[in-house]
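Work through the exercises below with the sequence and the structure side by side. Try each task before reading its solution.

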Amino acid sequence: MASRDVVHYDTPLQRVLRVLAVIFVVLYLIWTLLPFVIMFVSSFKDLLAAFKLPEVGDWMGIGVFFDFTPTYKHYATLFQENNFGRYIMNSLIAAGGSAVISVIFGSLAAYSLSRVDFRGKSDLFFWIISTRMAPVVAVMVPLFAIFRSLDLVGTLPGLILAYTTFNLPFAIWILKGFFDNVPYGIEEAQMVDGATRFQAFTSILPLVAPGIGAFIVLCVLFAWNDFLFAAIIGSGGAKTLPVATRELVQPQNIQWGAIMAAGVVTTAPMMLLGLVIRKYLVTGLTMGAVKE
Amino acid sequence: MATVTIRNVWKYYNQTPAVKDLNLTCPDGSFVSILGPSGCGKSSTMRMLAGLEHISAGDILFDDVRINDLAPKDRDVAMVFENYALYPHKTVFENIANPLRLRKASEATIKDRVNGAAKLLEISHLLDRRPSELSGGQKQRVAIGRAIVREPKLFLFDEPIAHLDAKLRAHMRGEIKHLQKTLGTTMIYVTHDQLEALSMADYIAVMHDGELQQWGTPSEIFNHPVNAWVAGFVGEPAMNFVTAEIRGGGDGVTLKHANFEIPLLASQVGKLNGAAQAGTARMGVRPDALTISMTRPDGPAITGVIFVNELLGGDMLVEVQLQDVRMRVKTSTDFAGKPGETCWLTVNREKWHVFDAGDGHAYF
Ligand SMILES: Nc1ncnc2c1ncn2[C@@H]1O[C@H](COP(=O)(O)OP(=O)(O)OP(=O)(O)O)[C@@H](O)[C@H]1O
Ligand SMILES: [Mg+2]
């Protein structure tokens with residue numbers, strides 16, 4: 001493998017560019033992180049403290065943001081009065097269930113598309129991807145009609161099915177790339193060694209594990225953050241976190257504190273997931289592109 | 001252990017034939033080498049035997065049982081792949097253990113067998129590594145280990161030692177041959193190295209352009225090639241070919257060329273059938289069937305001019321310029337001739353060959 005060291009040549013222009021790059025990164029970090037910081041801090045504030053703002057232009061007064069006594073009452077409200085424990089479970093089941101189902105069927109389909117030649121293969125593959133091309137809103141109404149006649153509206157299986165409909169083509173598409181990069185010789189060797197075709201397939205799964213990992217994350221993210229499906233197909237019996245949070249906005253009473261706390265509860269697991277599998281995710285998404 | 005019969009087998013990749021009407025019978029327990037240049041269909045044949053490639057036409061039989069439609073795992077063959085095909089995510093130990101694991105062998109057996117194979121192949125110190133941490137030759141030995149760790153009906157070795165250094169290769173030749181004889185398992189061994197085939201095989205199948213050229217023991221292949229192509233492919237340094245005219249008839253037949261006129265031995269005249277009596281033919285002589293001298297010898301000889309001398313360790317190879325071709329002669333290192341000097345070559349007529357000028361088949 002080639003050395004990873006990149007040789008640098010320092011010219012004045014490059015130094016200026018480097019400073020500019022640092023400034024840009026700092027600004028960008030503030031831009032992206034500030035909302036989360038405000039959300040996190042506010043979720044521990046009284047309503048009064050939350051709206052205590054310094055005068056415009058008074059940069060010294062920035063301290064008032066952090067001048068409060070923390071309270072956990074918003075979190076208590078969420079879980080005691082608003083049943084958020086249930087919604088977390090719903091979100092987990094919907095996201096996890098659809099991820100697992102998509103990955104199982106996705107890897108089987110991707111493997112076949114990668115390994116077997118049959119007539120109309122490229123058309124089939126294009127058709128699979130093309131189901132993702134229509135915007136979700138466009139198919140929402142017909143989908144709702146179908147789900148309603150199947151009595152799936154407002155149920156977790158219904159929501160899982162809806163997410164799977166959209167995740168599966170994505171799974172097939174991503175995973176096919178990963179299978180394409182695994183030399184077929186490995187399965188041939190397995191089969192000569194005494195493996196069945198299916199054993200040969202499972203034997204190369206560790207080689208596409210980064211792809212599967214990356215896909216599961218994207219799939220979970222999609223379902224976890226989704227509002228549209230959850231609001232329409234999951235409404236009622238299968239309420240997930242984004243929908244439940246939305247319901248904290250009531251015409252005469254916007255529960256800012258609870259909304260901030262709900263925001264934290266919704267975002268934190270995904271951020272943790274992101275941190276845990278970060279390394280995986282990066283190798284996963286590049287491994288498909290770089291041939292060994 | 002099995003007798004392998006390949007009967008009228010064809011392999012087509014789309015429209016291009018890679019193997020053409022191949023017929024072979026490998027006796028039970030024999031060591032058969034498939035020898036041929038790159039792209040002649042050796043690997044295709046092996047892959048059909050292993051069940052990895054569809055057989056376009058014809059039959060393959062193991063012990064008189066047709067196995068065309070048998071899945072690879074049911075054929076009970078062990079194969080060393082040309083490209084190793086190791087499992088990148090497994091250690092060397094697990095790579096070698098894989099066939100045993102798939103057969104649910106006991107842990108003790110696995111350990112025993114794998115260590116035995118590793119020792120034989122001199123890779124015991126590498127068992128914990130992964131394939132990406134091995135050199136090409138080491139990978140190749142791991143691939144051999146994976147094949148010999150169990151006792152299959154048939155070994156298929158596709159250029160298994162092509163990436164080893166000369167010394168290790170010589171060593172592995174001995175080990176593989178010994179192993180095959182000890183186990184008594186039929187072996188089909190693909191190589192493009194004629195020395196490997198000549199030194200290891202009981203029988204050699206020489207292939208060219210997807211066609212079987214000759215089947216025979218190493219000495220038959222070397223001493224009685226059926227055509228000019230086989231004669232030129234087998235033997236190092238390669239055989240010299242000179243196009244010459246066939247002169248005379250009855251008993252006094254000679255090969256005539258601007259640089260020589262040499263009579264055929266009496267026993268050889270009959271082998272030139274009538275059709276070839278007048279016209280041209282190709283004379284083939286191996287470099288070690290020629291004797292070079294700086295003085296005109298008594299018998300018929302080839303006159304030429306020394307072009308260059310090459311020292312090959314214990315021998316000297318002298319290239320001699322004739323009117324239209326150069327001939328190579330093997331001689332001893334104390335040969336005193338210098339480039340540019342005239343010399344004479346005497347042919348050992350017991351060991352020369354005459355091939356048809358057209359299709360190249362051998363008269364003798
Ligand atoms: N999958 C394939 N598709 C199309 N043509 C192929 C395929 N595999 C092999 N061929 C062709 O078939 C012929 C025989 O190939 P094969 O691999 O059997 O050669 P080989 O004798 O093993 O050569 P080498 O010594 O280089 O390994 C070659 O001309 C090759 O280009
Ligand atoms: Mg080959």
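**Exercise 1. Find the residues of chain A that ring pairs link into a cluster around F44(A), and describe one pair.**

Step 1. The cluster that ring pairs build consists of F40(A), F44(A), Y72(A) and Y75(A), where rings of Phe, Tyr and Trp (its six-membered ring) pair if their centres lie within 6.5 Å, and planes under 30 degrees apart count as stacked, over 60 as edge-to-face and the rest as tilted. This is a predicted model, in which local features need pLDDT of at least 70 and side-chain atom pairs count only at pLDDT 80 or more, while totals for chains, interfaces and linings use all residues. Residues are numbered from 1 along each chain as its sequence is written, chains are lettered from A and ligands numbered from 1 in the order in which they are written, and side-chain values use heavy atoms, with hydrogens and water left out.

Step 2. Over all chains, the count of aromatic pairs comes to 21. In one of them, F44(A) and Y75(A), the ring centres are 5.3 Å apart and the planes stand at 35°, so the pair is tilted.

Step 3. F44(A) belongs to the loop between α1 (12-42) and α2 (47-50) of chain A, whereas Y75(A) belongs to helix α3 (residues 73-81) of chain A, so that the pair links distant parts of the chain, 31 residues apart. Helices (H or I, at least four residues) and strands (E, at least two) are DSSP runs, numbered from the N terminus.

Step 4. Both F44(A) and Y75(A) are buried, a word that means under 20% relative accessible area, with exposed over 50% and partly exposed in between (1.4 Å probe, protein chains only).

**Exercise 2. Classify the ring pair of Y163(A) and F222(A).**

Step 1. The centres of these two rings, Y163(A) and F222(A), are 6.0 Å apart and their planes are at 75°, so the pair is edge-to-face.

Step 2. Because Y163(A) is in helix α7 (residues 156-180) of chain A and F222(A) is in helix α10 (residues 205-225) of chain A, the pair ties together parts that are 59 residues apart in sequence.

Step 3. Y163(A) has 0% relative accessibility and counts as buried, while F222(A), with a relative accessible area of 25%, is partly exposed.

**Exercise 3. Identify the protein donors of the magnesium ion (ligand 2).**

Step 1. The donors are S43(B) (OG), E82(B) (OE) and E82(B) (OE), which lie 1.8 to 2.7 Å from the ion; donors are N, O and S atoms within 2.8 Å of the metal (3.2 Å for Na, K and Ca), and since water is not among the atoms, sites may look incomplete.

Step 2. S43(B) is in helix α1 (residues 42-50) of chain B and E82(B) in the loop between β6 (77-80) and α3 (92-102) of chain B, so the pair ties together parts that are 39 residues apart in sequence.

Step 3. S43(B) counts as buried at 19% relative accessibility, and E82(B) counts as partly exposed at 38%.
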